[in-house]
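Welcome! Open your viewer, and let's walk through this structure one selection at a time.

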Amino acid sequence: LRSCSPGRARRTNASRRACLVARFGDIYAQERLDAETLLRTYISDTEMVQRIIYIAAVESFHAAKMAYRQFKIRVRETLSLGHSGLESLEDTVLDYIVRHEDLYDVQASVNEVIRSMNINPKISFPPEIDFIVISTLIRELCRVAFSMQTLIPPLDIAFGTDGELFSETKYHRSFDSDFTAALVAYHVWPALMENDVVIVKGEAVTRR
């Protein structure tokens, strides 16, 4: 194992959090739109394109969180064998992960996301094309989601369901929404949460 400086994760928590929140916003503004443009060359249905991207975001966070948990277990098992000093084992484990996030096998998560999307009944794709065409978006989402698990407290995305009551505190309405409708028809982008508090609004379409 490479060496690590105790307490690094806690000392850098605020700056890492700010960078990750900003990166999440950048992905929404750039990679999401790039993926949307790419998907529109294969799919004319705007709703289906937006559903695909939203589900890619949800599945990316799920896959990255699972990978983080497994990675943390392996690091804890290894470091516990020779742990000593003032720092708790948990802090030492977190410091190690923060310093060596490059060891995260992001491609394995991307593959897992694509597998999950292929069996999701809410989305479909022309048979001659694969969801791998938006792997750049998926990879960036997995990376940011993995890094968000190293924060204290970790950041996560809000759980959304079609037909839920629209929340002004959680989502912006898409420009093509019915602004008098009370229910979410479908989601475009997830809200970012910290301890169940919205820190970045998502986007949803409301229709009657």
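Start by selecting C19 and C142 and showing their sulfur atoms. The sulfur of C19 is 20 Å from the closest cysteine sulfur, that of C142, so the two are too far apart for a bond. A disulfide would need cysteine sulfur atoms within 2.5 Å, and the count for this predicted model comes to 0 disulfides.

Which of them is exposed, and which is buried? C19 is exposed, with a relative accessible area of 54%, whereas C142 is buried at 0%.

Next, select N120. You will find N120 in the loop between α6 (106-118) and α7 (135-148). Although N120 sits in a loop, N120 counts as buried, at 16% relative accessibility. What does its side chain reach? Follow the side chain of N120 to the backbone nitrogen of K122, at 2.9 Å.

Finally, zoom out and colour by secondary structure. The chain has 7 helices and 6 strands, and along the sequence the pattern reads α-α-α-α-α-α-α-β-β-β-β-β-β. The C-alpha trace spans about 60 × 40 × 25 Å along its principal axes. Of the 208 residues, 48% count as buried. Among contacts with a separation of 6 or more, 70% come from residues 24 or more positions apart.

Terms used
Residues numbered from 1 in each chain as written. Predicted model: local features only at pLDDT ≥ 70, side-chain atom pairs only at ≥ 80, totals over all residues. Heavy atoms only, no water. Buried < 20%, exposed > 50% of the residue type's maximum accessible area, 1.4 Å probe, protein only. Helix = DSSP H or I, 4+ residues; strand = E, 2+ residues; numbered from the N terminus. Polar contact = N/O pair within 3.5 Å; in protein donor to acceptor, adjacent residues only side chain to side chain. Contact = heavy atoms within 4.5 Å.
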